[in-house]
Amino acid sequence: MKSLDELLDESESGWLLLQDWISKATNNVEILAVNQLEARKVLHKLQVSTKSLLGTVAYYTGGILFEDGWLRLLGSGSSRLPRNLTSWNEIDSNGKSSRLSSSLLIADDAVGGFFALNSGAFEGNLGDVFYFAPDTLEWESLDMQFSDFVNWACVGDIKRFYETFRWNGWKEEIQKMNGNKGVLIYPYIWAEGEPVSNRSRSIVPIEELWNLNWINREKLGIK
């Protein structure tokens with residue numbers, strides 16, 4: 001394993017790039033304060049350099065919230081986002097994820113959509129971001145890598161991406177949650193029926209949404 005010093009880029013080029021993107025963001029963005037001790041642990045366990053944008057997010061942020069917390073990009077953890085890149089992925093001493101093998105979960109949204117970097121888990125380009133869509137229960141390639149994804153979260157059309165998932169007053173509900181929570185919509189988003197605005201909603205742990213996705217995939221015979 002590389003030492004922490006070997007993983008740190010003294011020029012802080014990745015951090016400067018990220019700050020520049022956020023300063024030009026057209027979407028609502030909030031960088032969560034970093035706990036330096038935790039950041040050092042996360043970066044070392046991930047074994048990625050801060051020359052990369054992934055390493056930058058892990059080391060310099062407690063996570064990043066987009067669109068009032070609708071989209072949560074994982075970093076090294078914060079009281080507002082009490083998960084980090086290594087804990088959520090359940091990274092073991094060999095650097096492997098036991099939550100979703102051959103991938104790295106990097107972000108999720110308030111309604112149970114999850115974003116993962118492909119390391120062989122999915123058919124497609126290695127390093128691409130895949131999205132677990134709660135309306136199809138399928139992993140879909142976004143045809144972008146981590147840096148492209150972060151840039152999209154800053155300036156992309158998030159409203160259009162989520163237009164069928166949102167309801168009147170969603171912002172006020174989301175702002176009350178921390179990043180360990182999500183909104184369980186029932187009937188489920190993937191089920192045919194009324195618009196999301198007319199379905200019941202309850203705030204649950206994000207872990208519950210993760211588990212429900214896999215249970216529902218099995219019930220529907222999705223591999």
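1. Glu30 is partly exposed at a relative accessible area of 31% (buried means under 20%, exposed over 50%, partly exposed in between, with a 1.4 Å probe and protein chains only). Glu30 forms a salt bridge with Arg80, their closest N and O atoms lying 2.8 Å apart; a salt bridge is a side-chain nitrogen of Lys or Arg within 4 Å of a carboxyl oxygen of Asp or Glu. Arg80 is likewise partly exposed, at 39%.

2. The model is predicted: local features need pLDDT of at least 70, side-chain atom pairs count only at pLDDT 80 or more, and totals for chains, interfaces and linings use all residues. Residues are numbered from 1 along each chain as its sequence is written, and side-chain values use heavy atoms, with hydrogens and water left out.

3. The structure holds nine salt bridges. One of them pairs Asp108 with Arg72, the closest N and O atoms being 3.1 Å apart. Asp108 is buried, with a relative accessible area of 0%, and Arg72 is buried as well, at 1%. Salt bridges with shared partners join Arg72, Arg83 and Asp108 into one network.

4. Asp20 forms a salt bridge with Lys24, with 3.3 Å between the closest N and O atoms. Asp20 is partly exposed, at 32% relative accessible area, whereas Lys24 is exposed, at 56%.

5. Side chains of opposite charge can pair when their charged atoms come close.
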